[in-house]
Amino acid sequence: MKIGLFIPCYIDQFYPQVGIATLELLEKLGCSVTFPLEQTCCGQPMANSGFSGLNKGCDANFVTNFSGFDYIVAPSGSCVLHLKEHLKDESRREESQKIRDTVYELTEFLTDVLKVENLKADFSYKVGIHSSCHGQRGLNLSGMTERMLPFFSKPEQLLKMVGGIELSYPKRKDECCGFGGTFCVFEEAVSVKMGKDRIDEHEANGVDYITAWDSSCLMHLEGILKRQKSRIKIIHIAEILNSRNSASYKKI
Amino acid sequence: MNPKHADLAEQFIADGSRTNWHDDTLWFVREKRDKAAHGLPEWEQLREWASQIKNHTLSNLSNYLEQFEEHAKANGIIVHWAADGDEHNQIVHGIIKRHNIRKIVKSKSMLTEECHLNEYLSHQGIEVVDTDLGERIVQFRKEPPSHIVLPAIHLTKKQVSETFHEHLNTEKGNNDPQYLTEAARQHLRDKFIESDLAITGVNFAIAETGGFVVCTNEGNADMGAHTANVHIASMGFEKIIPKAEHLSVFLRLLARSATGQPITTYSSHFHKPRPNQEMHIVIVDNGRSRQLGRADFRNSLKCIRCAACFNTCPVYRRSGGHSYHTAVAGPIGSILNPNLDMKANADLPFASTLCGSCTNVCPVKIDIHEQLWKWRQVIVSEGLVSTGKKAGMKGMAFVFSNPKLYRLAGRMARWTMKIFPFIVSNKLNVWYNQREMPEVPKQSFREWYLENKKK
């Protein structure tokens, strides 16, 4: 099974430890993983701003880098959702369709393809789960409070395999954090207020960490937490699933 | 240029306690809706039926409208067709003039808000009394409603008390809701008794019977229609449903989605005028046929105006209805209003994080957040975004098309942030106003990979 690792641009630049955890985790689980070296971005920042028309070059570069894999895995629900819905290269339709069909967000790849049932991970902290919207509602990584269907959660299922971890949800279980791509600057007031409200609920639960399956939500929440000089830290779910020993765990 | 959503939202949020209260109140309504929906094991099935009935109706709209007209006329109702808001207002004014009527009551109708009927009639020297309690409050204050189901939800008890003191001469400083409601009740009772003409909205018009249904919790539509000699019902043409039996789907969804009630207190069925009463229906297009012709947006016309998408929207709850500067606010408003005036409402599809909550709460399965995304593409292709944003996006797209340039830009950005943090950590950077920048790592993932993994 040949796996192409897609590390979204802002994770590559600002959160390399998330990429490292993803790669190590997949390799631990016996996958053969390649990181195509000329990859850049999925194209979402432009498309969500209304500029999908500018994405030809970005899409073409993605198809060039990620053709020929059995699966493509990325530690981001949002970028994966964008690729599934919008990646297109008119001159290589078959290849782009195949990428859309085989690109997976990390946790769904673990539960649905690898069918992971146990993990040798250990993380002895109280962790608040932030249900990043695009993965949750877009990729169906978990049930949602709007729908009257039995609840399930692929990320939670995996987190429960981690030793020592104590999980909690905020009072409003799946409300958006307010990042929203360029929304976070063009609608700064609402964006920050939404983030603060999420943080207040996690704080009330007394969590040590807030985790999510999108570093974009976490970057936004981290920005507010740091400004507030909060003791709560953020951590991507890949880092928890890859963590070995909580005593020696530290940011890479 | 009119103020945009982001600016109006910022003004709203400046009052922190009011914002929290607004957010909590509407979230409470959303939770009531969840409980009511959980009570029906067939909820998701009902949504699917509602969606299919509406899709079918929109695909056969002209037939059902003509059927409705035929049956309504046979029942003795006078049917009018209005191409736009102006024509609607002229028709209503014509009826009023013909009867030489001065006293008019109106129950809640978002369509008349959309057509600015009150404003139009007041220019003709005719006063209309809004009889929905919330609408009456905002009418006194000369404000538009901020929510299509809860028009005065942006106001506190204290503000209502002040308004009533000024207009109804209630006791100054008495904020007791029961006292205030009783005052409104007495005031409105007089208006009902005096009135000669009642205007109502329409929730559902039934093609098969030529009748229509008006849903209220206060019974004000009935009070108006039953005391006046002339009843005018205004409806957007998408309110049509094929059969009376379809009400068994929609009435169960509407109130549960709107307020968490099993059904509205009054679901009044009007079929024909009383003896000596005149009953009119004005069927309004006002841009709806244009929306119907837009493949990507036509199913926005499935909307039954329950406002569940308002109550669930984390942006709406924190920015208030007036920040949407249109008659219908919230997520549904943000996909309907660009059709009415794309330039004036070009900001609205961007007033969302695309979290998708609206789409999943919607009782008729409108893909609201996907339409928000699609409107963004239309608005950009029509050139309705700032040149600065356009240039920025072009630059980004260019960088992401060129891997070498992307890596260079990334290295430069990280280097700059490390060596000269003040270049980004300053007031010109909107992110930095209330958030710290991410800590800059020693190397990018790719650099780490090349050093540690690449054989």
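How many Å separate the centres of domain 1 of chain A and domain 2 of chain A, taken over C-alpha atoms?

A: The centres of domain 1 and domain 2 of chain A, taken over C-alpha atoms, are 22 Å apart. This is a predicted model, in which local features need pLDDT of at least 70 and side-chain atom pairs count only at pLDDT 80 or more, while totals for chains, interfaces and linings use all residues. Residues are numbered from 1 along each chain as its sequence is written, and chains are lettered from A and ligands numbered from 1 in the order in which they are written.

Domain 1 of chain A covers 2-113 and domain 2 covers 126-248; such bounds come from an automatic or database domain assignment. To the contact between them, domain 1 of chain A brings 26 residues and domain 2 of chain A brings 23 residues. Two residues are in contact if their C-beta atoms, placed from the backbone, lie within 7 Å.

On the side of domain 1 of chain A that touches domain 2 of chain A, the elements giving two or more residues are α1 (9-14), α2 (16-28), α3 (44-48), α5 (77-86) and α7 (106-113) of chain A. Helices (H or I, at least four residues) and strands (E, at least two) are DSSP runs, numbered from the N terminus. The most comes from α2(A), with six residues. Sorted by class, this side of domain 1 of chain A has 13 nonpolar, ten polar and three charged residues. Here Ala, Val, Leu, Ile, Met, Phe, Trp, Tyr, Cys and Pro count as nonpolar, Asp, Glu, Lys and Arg as charged, and the others, Gly among them, as polar.

Chain A also has an open sheet of four strands in the order β2-β1-β3-β4, with parallel pairing. Two strands pair if DSSP finds at least two bridges between them. At the edges are β2 (32-34) and β4 (103-105) of chain A, each pairing on one side only. From one strand to the next, the twist averages 35°. Strand β1 (residues 2-5) of chain A pairs with β2(A) in the parallel sense over three bridges. Within β2(A), Val33(A) is the bridge partner of Ile3(A).

Next comes the partner chain. The contact between the chains involves 57 residues of chain B and 60 residues of chain A. On the side of chain B that touches chain A, 31 residues are nonpolar, 16 polar and ten charged. The predictor gives the complex an ipTM of 0.96 and a pTM of 0.96.

Helix α11 (residues 188-204) of chain A packs against helix α1 (residues 5-13) of chain B at an angle of about 45°, with the axes 7 Å apart. Axes are lines fitted to C-alpha atoms, for helices over the stretch in contact, and angles run from 0 to 180 degrees between N-to-C directions. The angle therefore makes α11(A) oblique to α1(B); angles under 35 degrees count as roughly parallel, over 145 as roughly antiparallel, 65 to 115 as roughly perpendicular and the rest as oblique. Ala189(A), Val190(A) and Lys193(A) of α11(A) make this contact with Ala9(B), Glu10(B) and Ile13(B) of α1(B). By class, the contact has four nonpolar, no polar and two charged residues.
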